[in-house]
Amino acid sequence: MSFIDKTVSDLLQKKLDFSKTHLILPNKRPIIFFRECFANKGYNGFLPTFITIEDFFLAQSSLTKIEAVPLWLEAFEVQKKFVNPDEKLEDFLKWIPTILNDFNEMDIHAQNTLKVLQHLASIERIENWGANLHSETEEKLFYKNVKFWQNNIILYQELVKHLKNKGFGTKGMIEKEIFENLEKIKLAKDETFIFAGLNSLTPKEERLIKHIALHAQTLLYWDMDEYYVKNPNQEAGDFFRKYQKWQYYQNKEPQWISNEFSKPKNINIVGVSQEVSQAKYAGNLLKSLSQEDLQNTALVLCDETLLPAVMESIPENIDKLNITMGFLLKNTVLAAFFKQVFRLHVFQEKNKSKGFYYQDVINVLENPLTKNSDAFLLSQFIEEIKEKNIVFITDSLIYEKLSAWEMFFIFKNYDHPADLIHKLQKLCFDKFWQTDDSQPILKETLLSFKELFDVFIHQLNDNKEINSFSLLQVLYQNLLNNERISFIGEPLEGLQILGLLETRLLSFKNVIMLSVNEGTIPVGRNENSFVPFDVKKNFEINTFLENDAVYAYHFYRLLQHAENIQLIYNNFTEGLHSGEKSRFISQLEFESQHPVNERIAYFSGQIQKQQDFTIEKTPAVMKEIHRWLAGKISPTHLTNYHYNPIGFYFQRVIGFKMQQDIEEEISLLNYGNLIHHTLEALYQPLKNSVLSEKKLKELLKSYPSHLEDYIKKNLNSELFKQGQNYLQKLLAEKTVEKIIRRDLEDIKGGNEIFLRDIEREIESSVVIENIGNVRLKGFIDRWDVFNGIDRVIDYKTSTVGTLNFPPPKSPLQESKDFKFFIQLVFYAYMVLNENQADRVMTGIWNFKKPFRGMEPLKYEKNEIFDLPQMPELFKNVTEIIQEIANPEIPFVEKDYKRF
């Protein structure tokens with residue numbers, strides 16, 4: 001029999017007047033189960049008044065509980081008035097949540113909060129007793145520490161007064177007020193107070209229950225087990241062992257200490273790698289359960305962020321389920337949208353600019369909420385941003401492109417953050433009514449955000465300090481952190497998906513628990529507090545040890561009622577994942593009398609080897625290949641094919657355009673173009689002439705201005721004023737300078753350089769077996785005559801491997817440097833075939849090693865080529881064209897690692 005069944009049966013047996021009975025529970029979740037239990041037992045009279053322990057306290061207090069963000073703002077008002085008039089809200093918010101939480105814990109657990117704060121200030125004073133704490137030493141850390149606690153004594157005292165004057169209070173203040181005014185609490189003699197299923201009571205809660213027990217009819221029901229209550233080493237029973245000593249139990253036995261944990265149990269411990277694998281494993285377990293078993297099954301998520309993965313893994317045989325924990329609002333698509341909207345304005349504010357950062361704009365425009373409103377308009381603008389590489393988008397450009405858009409208000413300039421919040425609140429309200437009922441989650445999300453912005457507007461109206469978008473973003477994030485969307489399900493039927501704390505008072509035959517890892521359950525030493533551990537212990541303030549005991553109780557209480565238990569933990573050890581199972585699992589293995597089956601779960605299916613991506617040459621594909629063959633073939637086409645045939649297919653056969661990313665830092669391609677075109681502008685006037693020292697020295701004076709001109713005309717000059725791009729510009733200047741100096745050095749060494757051309761377009765043709773005449777084209781970056789030998793030079797920005805090709809033992813195409821061979825032989829063939837030269841050298845001038853000059857292609861130790869040598873050399877190139885044209889050879893994706 002479950003705890004709720006036992007409790008209801010006992011209450012019915014006592015024949016209480018339920019119209020004057022208050023049933024106080026740890027949380028709201030069990031209330032519906034109590035109601036059902038009363039109905040199932042045939043009771044049809046008045047039901048008790050159900051109330052949580054927290055709400056019961058609030059009902060006894062004259063204060064209204066204040067929420068986190070309003071509390072921070074009230075504390076800031078006090079800080080400015082009594083402690084530091086120069087305090088900035090942005091700095092204040094960095095530390096105030098922690099100290100306010102400490103104040104609250106002190107009020108709840110300590111007898112005198114002021115004494116704790118004075119003790120903390122005294123510790124700092126004693127530790128530095130020899131120091132002279134005067135104004136001239138204010139910069140010293142110990143002075144700041146002492147001053148910090150002295151100021152917080154003032155802050156605490158004045159904040160308590162301030163809040164009480166307004167009728168507000170924290171949880172600690174409310175409990176403290178009730179504790180100090182217990183005698184004033186009016187209790188009717190004919191009322192009955194029932195406290196059921198409680199565990200970790202605060203000292204003030206204990207005192208209130210004892211007081212009620214002395215002055216009114218009171219019943220206490222505990223859901224405890226002998227296993228952890230009678231064993232002093234079991235932390236799960238720490239709290240109850242104290243309660244057993246109450247005067248209330250001098251002449252009666254506690255109800256109830258059961259012996260459920262000792263009953264036979266099937267306990268399985270399963271280690272699974274990664275979070276998603278845990279969800280999939282749980283899904284497989286659920287698939288094997290009957291509908292009857294599912295009715296009495298709990299899927300408990302110790303880490304509630306697993307919920308989306310779990311929902312994706314629910315098997316089809318489950319048609320009824322209930323999710324108790326809700327879904328965090330901050331994980332929704334809308335949350336990301338509003339965050340991006342705030343980022344737009346924070347960027348403007350911090351940079352004092354009339355415009356926005358491109359990525360923030362794109363993120364807003366690509367959000368599902370906006371994308372459906374005017375898809376064509378938005379996609380056109382995004383495409384323009386990317387094509388023109390617009391990193392900073394001005395207000396005027398936004399207005400020009402988006403002023404007709406219904407949500408253009410997002411990009412407007414606002415004098416005050418509240419004006420934007422009003423617009424966003426109206427947007428949520430309008431979208432809520434426009435959203436079809438077939439999208440209940442979206443409707444619920446829109447409504448939740450509308451209510452969130454209502455709270456926001458109220459705070460902004462009451463607090464003039466919130467006058468910047470930076471502050472707005474901080475407060476928005478904190479407001480959002482604890483907001484949840486409640487799911488609608490079957491609370492009394494089917495599978496129950498819960499967080500650990502939602503399992504209180506509930507009993508299940510089958511329990512599947514995920515993320516049973518150390519650091520998740522229990523959380524362990526993960527406190528955010530300014531108060532040291534020893535001070536907390538001295539003043540009986542809860543530490544991580546008490547919090548661990550709370551988790552231990554919930555863990556064992558759930559297991560004591562279960563028969564089939566699956567404890568699944570993440571055994572993946574990388575980064576933040578320790579892969580360590582919870583110590584609660586170890587306790588079960590070594591301390592309990594139950595046999596435990598432990599195993600590791602692996603993916604059981606066969607991992608299929610990924611098939612090579614292949615495109616067959618169908619008649620339609622061959623038609624496009626013939627179209628390509630009928631055009632002019634460049635060496636770039638062939639190097640693309642050599643690198644990856646699939647890439648060649650998409651770009652050259654079917655004509656897909658590669659989408660270019662926006663460059664905040666200049667890409668390798670544009671860096672190369674910058675040097676290319678600067679050299680072209682410098683050397684163009686020197687075409688068809690012999691290079692001289694005088695002319696080259698003039699180039700050394702003018703090259704920076706030519707490089708700057710190219711940046712202004714073709715790139716975003718604003719990006720080159722600082723940071724990485726500025727350094728790249730300096731490097732490009734140095735590269736150009738070294739190329740000029742290399743020419744100068746060669747001339748000084750007695751060499752003659754005749755510059756034939758720069759960026760020369762050249763065409764030729766070749767007859768290929770089974771194909772016929774094929775036209776060729778290319779651009780020669782530099783063509784000069786060095787001591788009577790024509791040199792065809794290709795500039796390269798990337799790293800260049802060896803250009804020395806001996807007679808190949810294996811096909812030449814297998815060489816990782818074959819792409820350089822293709823390009824250089826291609827140029828040499830065209831020059832010689834068109835009778836532009838009798839002999840030619842061809843090579844690469846590498847921008848990474850500019851002063852080395854041209855590195856020549858060598859084939860069989862030969863680096864000067866004539867026309868009779870070309871058929872053998874060019875055969876390696878024509879074989880690629882023949883392969884492309886062969887209908888029997890499909891396009892197959894190559895392994896990039898080879899190249």
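The model is predicted, and a search of the whole structure finds 3 cavities of 30 Å³ or more. The largest cavity holds about 80 Å³ of space, and its lining is made up of Leu 71, Leu 100, Phe 103, Asn 104, Asp 107, Tyr 156, Leu 159, Val 160, Leu 163, Thr 170 and Met 173. Two helices, H6 (96–109) and H8 (141–166), each contribute at least two residues to that lining, whose residues divide into 8 nonpolar, 2 polar and 1 charged.

## Surface residues

A nonpolar patch on the surface is formed by Tyr 726, Leu 727 and Leu 730, which together have about 260 Å² of accessible area. Tyr 726 belongs to helix H32 (residues 723–748), and it counts as partly exposed because its relative accessibility is 35%, a value between the limits of 20% and 50%.

Pro 868 is located in the loop between strand E29 (865–866) and helix H34 (870–885). With a relative accessible area of 68%, which is over 50%, Pro 868 is therefore classed as exposed. Although Pro 868 and Asn 833 are 35 residues apart in sequence, their C-alpha atoms are 9.8 Å apart in space.

## Cis peptide bonds

The peptide bond leading from Gln 255 to Trp 256 is cis, with omega near -10 degrees, and Trp 256 has its place in strand E7 (residues 255–258). Another cis peptide bond joins Ile 521 and Pro 522, where omega is about -5 degrees; Pro 522 is found in the loop between strand E16 (510–514) and helix H24 (533–538).

## Positive phi angles

Glu 540 is not a glycine, yet it has a positive phi of about 60 degrees. This residue is found in the loop between H24 and helix H25 (544–561), and at 59% relative accessibility Glu 540 counts as exposed.

Glu 759, likewise not a glycine, has a positive phi of about 50 degrees, but its setting is strand E22 (residues 753–768). At 22% relative accessibility, Glu 759 counts as partly exposed, since the class of buried residues is limited to those under 20%.

How values were computed:
Residues are numbered from 1 along each chain as its sequence is written. This is a predicted model: local features need pLDDT of at least 70, side-chain atom pairs count only at pLDDT 80 or more; totals for chains, interfaces and linings use all residues. Side-chain values use heavy atoms; hydrogens and water are left out. On a 1 Å grid over the protein atoms alone, a cavity is a set of points where a 1.4 Å probe fits but cannot get out, and a pocket is an open set with protein on both sides within 12 Å along at least five of seven lines; lining residues have an atom within 4 Å of a point. Grid points are joined across faces, edges and corners, and a volume is the space filled by probe spheres set on the points. Helices (H or I, at least four residues) and strands (E, at least two) are DSSP runs, numbered from the N terminus. Ala, Val, Leu, Ile, Met, Phe, Trp, Tyr, Cys and Pro count as nonpolar, Asp, Glu, Lys and Arg as charged, and the others, Gly among them, as polar. Patches are made of residues with over 30% relative accessible area and no salt bridge: like charges are joined within 9 Å, nonpolar side chains (Val, Leu, Ile, Met, Phe, Trp, Tyr) within 5 Å. Accessible areas come from the Shrake-Rupley method with a 1.4 Å probe; for residues, only the protein chains shown count as cover. A salt bridge is a side-chain nitrogen of Lys or Arg within 4 Å of a carboxyl oxygen of Asp or Glu. Buried means under 20% relative accessible area, exposed over 50%, partly exposed in between (1.4 Å probe, protein chains only).
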